[in-house]
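This briefing is meant to be read beside the sequence and the 3D structure.

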Amino acid sequence: MTSAVVVGAGVIGATVAWSLVQAGYDVDVIDARSPGEGATRASAGVLAPYIEGAPASPLRTLGHEGLELYDTFVQQLTRDSGQPVVYARGGTLEVALTVPEAERLGTESGLLWQAGIEGRWVPAALLDEVEPAINREATGALLVPMHGFVGVGSLTRAALGAAMARGTRVHTHTGAVQIASGPQGSAEVRTASRTWTADVVVMAAGSWSSQVTVEGADPVPVTPIRGQLLQLQASPGLLHRVIWGTAGYLVPWPDGTVLAGATVEDVGFDESLTEDGCAGLRQMAAALIPALAHSPVIEARTGLRPKSPDDLPLIGRSAVVPAVIYATGHYRNGVLLAPYTAHLVQRLARDPQAAVPAGMRPDRFGARL
Ligand SMILES: Cc1cc2nc3c(=O)[nH]c(=O)nc-3n(C[C@H](O)[C@H](O)[C@H](O)COP(=O)(O)OP(=O)(O)OC[C@H]3O[C@@H](n4cnc5c(N)ncnc54)[C@H](O)[C@@H]3O)c2cc1C
């Protein structure tokens, strides 16, 4: 049986592990902490390529492909794991609070129409029918019905659960220090206490990927960008879909709470929550939905998004240690791109020559990887 070690048990490592075990691999997952405690723990799980990706950008194209896989992915995962996954495709409503913003969204609505994507401009007079809680000063909003969100904690737990049900072993508090070439084309993963040898090693350590040395290779060009997020108490039914504004977004959770995200801060590996960050999120929430102005905070979370120089992930075989497959640098869209990433890694594991979209190739920045 071919063996694989997945380094990192965030949403990427978990979905990759499930995908590899389905392809017949004997999988070990190692994580420096516990599963899902990196960026994954703070993630809002919004699936919105037509907001996150600029028109005609690679992110929009790749995000679209990622979103297309989601229904089937969640269906199979729920069946395979026996665990529920929070998932809704109720759309996004991108709200304009100023005239220039309304003009921008009006143009965007036209571009979506040209691309054959359903996107409906909702004028201010009709907003009450679509989302009655929206700020009455809104000048209109763009509704994109295909968007949605997924509960990232439930998704990650289910993926690891499904992988473990098929024999995957998860080793917590076991950080990889170095990956090197092993015998007969394999790779060795060294931790403080043990060395694993595997036919395939997947580097999925998110923001920390640059701290794991791949012998002979440059550090992975991925840096941490902090995000803070609040979970607010709200009345059930207050919102019907994800609400997006220029300063952040709101995700209505099935239990009636609302996620308010997220800050974008370049502060190195500092995972603290800050008063300013939380205050800004409260302000953003109240500006979009005045009824949230005094909602109690149930929980505040923080995580480090793994950012590459062009914000797209690095997915592909290492040219230096070919048994290594990189699956990192997903920045703001790791959840959206997780099923697609898992699919690509499975293909690369089976066939080292398998094609990966050019925009994701690890060597595109000129680093020796
Ligand atoms: C506030 C916030 C909101 C977000 N919202 C969205 C959203 O709405 N939609 C979306 O698609 N994305 C969103 N993201 C981005 C998304 O969460 C990330 O892209 C995704 O979680 C990255 O997953 P990952 O598994 O690569 O990294 P991580 O979740 O960070 O996992 C990496 C794992 O590697 C482990 N690790 C670190 N070092 C080592 C080592 N040496 N050895 C072994 N293991 C190691 C860590 O402990 C961690 O568990 C958001 C992120 C944040 C912070």
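A residue is taken to be near a molecule or strand if one of its heavy atoms lies within 4 Å of it. By that criterion there are 38 residues around the ligand, and Asp31, Thr40, Val46, Ala176 and Tyr331 come nearest. The model is a predicted one, in which local features need pLDDT of at least 70 and side-chain atom pairs count only at pLDDT 80 or more, while totals for chains, interfaces and linings use all residues. Residues are numbered from 1 along each chain as its sequence is written, and side-chain values use heavy atoms, with hydrogens and water left out.

**The ligand and its shell**

- Aspartate 31 has an N or O atom in its side chain that is 2.6 Å from an oxygen atom of the ligand, whereas tyrosine 331 places a backbone N or O atom 2.7 Å from a ligand oxygen.
- The protein buries 97% of the 1,000 Å² that the ligand exposes when taken alone (accessible areas come from the Shrake-Rupley method with a 1.4 Å probe, and for residues only the protein chains shown count as cover).
- The shell is made up of 20 nonpolar, 14 polar and four charged residues, where Ala, Val, Leu, Ile, Met, Phe, Trp, Tyr, Cys and Pro count as nonpolar, Asp, Glu, Lys and Arg as charged, and the others, Gly among them, as polar.
- At least two shell residues come from each of α1 (11-22) and β19 (297-307); helices (H or I, at least four residues) and strands (E, at least two) are DSSP runs numbered from the N terminus.
- The ligand lies between domain 1 (3-71 + 152-221 + 309-365) and domain 2 (89-147 + 224-307), because both give residues to its shell; the domain bounds come from an automatic or database domain assignment.

**The largest nonpolar core**

- A nonpolar core is a set of buried Ala, Val, Leu, Ile, Met, Phe, Trp, Tyr and Cys residues joined through side-chain atoms within 4.5 Å, and buried means under 20% relative accessible area, exposed over 50%, and partly exposed in between (1.4 Å probe, protein chains only).
- The largest such core has 59 residues, of which Val6, Trp18, Leu20, Val27, Leu77, Leu155 and Val202 touch the most other members.
- Helix α1 gives the most to this core, with eight residues, and the core lies between domain 1 and domain 2, since both give residues to it.

- Serine 209, in the loop between β13 (200-203) and β14 (213-214), is buried with a relative accessible area of 0%.
- The side chain of serine 209 reaches the backbone oxygen of glycine 206 at 2.7 Å and joins the side chain of threonine 328 in a polar contact of 2.8 Å (a pair of N or O atoms within 3.5 Å; within protein, one must be able to donate a hydrogen and the other to accept it, and residues adjacent in sequence count only if both atoms are side-chain atoms).
- Arginine 226, in strand β15, counts as buried at 3% relative accessibility, and its side chain reaches the backbone oxygen of serine 272 at 3.2 Å.

**Backbone geometry**

- Most residues other than glycine have a negative phi, and most peptide bonds are trans.
- Glycine 261 and alanine 262 are joined by a cis peptide bond, with omega about -15°.
- Histidine 173 has a positive phi of about 50° and is exposed, with a relative accessible area of 57%.
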